[in-house]
Amino acid sequence: MSMSLSDFIRQLATDPNSQDPEFQRARNSAPEFVAAASESARFETSLRRAVLVPVPANWLAQLKETSPATAGAQTRRRYYAMAASVFLVIAAAGVTWRMNAMKFDSIEQYVTYHYDHDGEGVLARADGQQADNIEEILSEFNVRLAPELAGKVTLIKFCPTPAGMGAHLVVNTPSGSVTIIFMPDMLVADGEMLAFDGMQAQLVGLVRGSAAVIGTPAQDVAQLHALVQSSFIAESAKT
Amino acid sequence: MSNDTRRLDRFNALAQAYGMDLYRYALWLCANDALAKDLVQETWLRAWKALDRLNSDAAGKSWLITILRREFARTFERKVPKFTDVDTVEVPEDSELEPGDRLEIQLLRRNIQKLPTRYREPLLLQVVMGYSCDEIAQQLAISKSAVMTQLFRAREQLTKRLQQDGVTGNVHELV
């Protein structure tokens with residue numbers, strides 16, 4: 001018994017690449033089947049074009065360098081250089097996934113979410129050596145770090161913030177590593193303390209944007225307030 | 001060849017085979033480029049650590065998708081960020097595309113993001129990852145008939161929304 005047109009169209013909308021013999025035989029069995037198959041093929045082409053979004057340049061190279069086996073300092077430098085170039089390529093190509101696509105009700109919600117997402121993972125990735133790509137990353141935001149803080153940064157990477165791209169830093173302190181989320185386009189209540197999931201964060205107003213300094217209560221992140229506030233220097237302040 | 005070299009070669013082969021599709025899949029899940037990259041890289045780190053548990057490279061795709069979906073659930077679903085609709089992906093300039101086709105693709109992207117998760121996820125597994133209905137059923141731990149219904153509903157809703165958006169006349173008509 002041959003397939004009905006309605007069953008055929010349903011199959012097209014379910015599994016258009018099905019190799020079922022009856023489905024394949026039906027494709028050319030009558031003009032209305034041919035027309036339906038043709039229309040489905042056109043829709044599937046559009047669907048594929050819609051979902052197969054462009055992949056950033058060098059993405060596979062970045063991915064391969066994710067393995068710990070290749071994560072040496074030199075590799076990390078290349079990775080961030082590529083990340084910066086990818087960022088520019090994406091912008092230039094017009095593939096502009098909106099970086100402010102995240103909406104949160106409060107800065108506390110964002111900081112909590114962000115740290116919960118990858119805070120511990122990023123801390124674990126820091127190898128204790130001074131990061132060698134600080135200038136490269138922060139120059140994206142026309143900011144540099146004063147040497148006193150820069151010398152303590154063991155990892156820095158781009159990260160999303162509710163107002164666009166930011167930076168995620170791991171800083172070595174006498175009480176262990178703490179996290180700094182740099183939010184170049186966000187204003188916060190300077191000095192406000194947040195607490196979440198056994199962690200503590202202090203918001204710091206900067207000459208450009210703001211930062212959240214995150215650590216355990218024992219690390220007393222408030223001690224870092226003055227250092228952080230004075231260390232993010234706008235490039236225009238360069239002499 | 002040392003064991004470490006073999007392991008790295010195997011890892012790189014997986015990246016070569018599935019890295020681009022995983023990024024696309026993650027991008028649709030996260031609706032945000034930076035988060036998608038983070039998600040795939042976290043997936044890759046976990047995959048590297050567990051690589052010895054992957055018995056067959058033929059199972060690599062579903063193994064990676066499983067890790068990615070688990071990682072997505074772990075990191076994103078506990079505190080769901082409020083994403084805006086994904087209507088900001090600009091279609092790259094393509095001289096082969098007619099303006100009407102470009103509009104259709106733009107609208108499709110927006111409408112795919114608006115699909116309920118139960119419809120969107122099987123559709124993405126099918127179109128982005130090339131999964132069969134059986135593979136989708138296995139990945140999502142639902143029946144094949146449920147997968148087929150969801151795929152049908154996904155395309156049906158996309159078609160209806162395209163028509164509501166005014167893209168008519170050349171849209172696949174579902175009965």
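Is N142(A) buried, partly exposed or exposed? Point 6 has the answer, and the notes before it go through the model step by step.

1. **What you are looking at.** This is a predicted model, in which local features need pLDDT of at least 70, side-chain atom pairs count only at pLDDT 80 or more, and totals for chains, interfaces and linings use all residues. Residues are numbered from 1 along each chain as its sequence is written, while chains are lettered from A and ligands numbered from 1 in the order in which they are written. The model scores are ipTM 0.84 and pTM 0.58.

2. Chain B has 7 helices and 1 strand, where helices (H or I, at least four residues) and strands (E, at least two) are DSSP runs numbered from the N terminus. Along the sequence they come in the pattern α-α-α-β-α-α-α-α. The average pLDDT of chain B is 80, and 79% of its residues score at least 70; pLDDT is the predictor's confidence in each residue, from 0 to 100. Please take care with residues 78-91 of chain B, where pLDDT stays under 50 although the model has 37 contacts there beyond four places in sequence. Residues 169-175 of chain B are also below 50, with 17 contacts beyond near neighbours in sequence. Two residues are in contact if their C-beta atoms, placed from the backbone, lie within 7 Å. Where pLDDT is low, the predicted coordinates should not be read in detail.

3. **Burial and contacts in chain B.** Of the 175 residues in chain B, 38% are buried. A residue is buried if 20 or more other C-beta atoms lie within 10 Å of its own, exposed if 12 or fewer, and partly exposed in between, with C-beta atoms placed from the backbone. Among the contacts in chain B between residues at least 6 apart in sequence, 60% join residues at least 24 apart.

4. **The nonpolar cores.** The largest nonpolar core has 91 residues, and those touching the most other members are V51(A), L169(A), I180(A), A211(A), V213(A), A26(B) and V40(B). Such a core is a set of buried Ala, Val, Leu, Ile, Met, Phe, Trp, Tyr and Cys residues joined through C-beta atoms within 7 Å. Helix α1 (residues 3-30) of chain B gives the most to this core, with 12 residues. A second, separate core has 6 residues, among them I9(A), L12(A), A13(A) and A26(A). V51(A) is worth a click: leaving aside neighbours within four places in sequence, V51(A) contacts R24(B), W28(B), I112(B), L124(B), V127(B) and V128(B).

5. **Two partners for helix α1 of chain A.** Helix α1 (residues 5-14) and helix α3 (residues 31-51) of chain A pack at about 15°, with their axes 10 Å apart. Axes are lines fitted to C-alpha atoms, for helices over the stretch in contact, and angles run from 0 to 180 degrees between N-to-C directions. α1(A) and α3(A) are therefore roughly parallel; angles under 35 degrees count as roughly parallel, over 145 as roughly antiparallel, 65 to 115 as roughly perpendicular and the rest as oblique. L5(A), F8(A), I9(A) and L12(A) of α1(A) meet E32(A), F33(A), A36(A), A37(A) and S40(A) of α3(A). The axes of α1(A) and helix α7 (residues 144-164) of chain B come within 8 Å and cross at roughly 90°, so this pair is roughly perpendicular. Here R10(A), A13(A) and T14(A) of α1(A) contact M148(B), L151(B), F152(B), R155(B) and E156(B) of α7(B).

6. **Two asparagines to check.** N142(A) is partly exposed, with 14 other C-beta atoms within 10 Å. N142(A) lies in the loop between α7 (134-138) and β2 (143-145) of chain A, and its phi is positive, near 55°. N58(A), in the loop between α3 and α4 (59-64) of chain A, has a positive phi of about 65°. N58(A) also counts as partly exposed, with 17 C-beta neighbours inside 10 Å. Most residues other than glycine have a negative phi.

7. T179(A) sits in strand β5 (residues 176-183) of chain A and counts as buried, with 25 C-beta neighbours inside 10 Å. Beyond four places in sequence, T179(A) touches Y115(A), G119(A), L123(A), V170(A) and I214(A). L203(A), in strand β7 (residues 199-205) of chain A, is buried with 23 other C-beta atoms within 10 Å. L203(A) and V213(A) are 10 residues apart in sequence and 6.5 Å apart in space, C-alpha to C-alpha.
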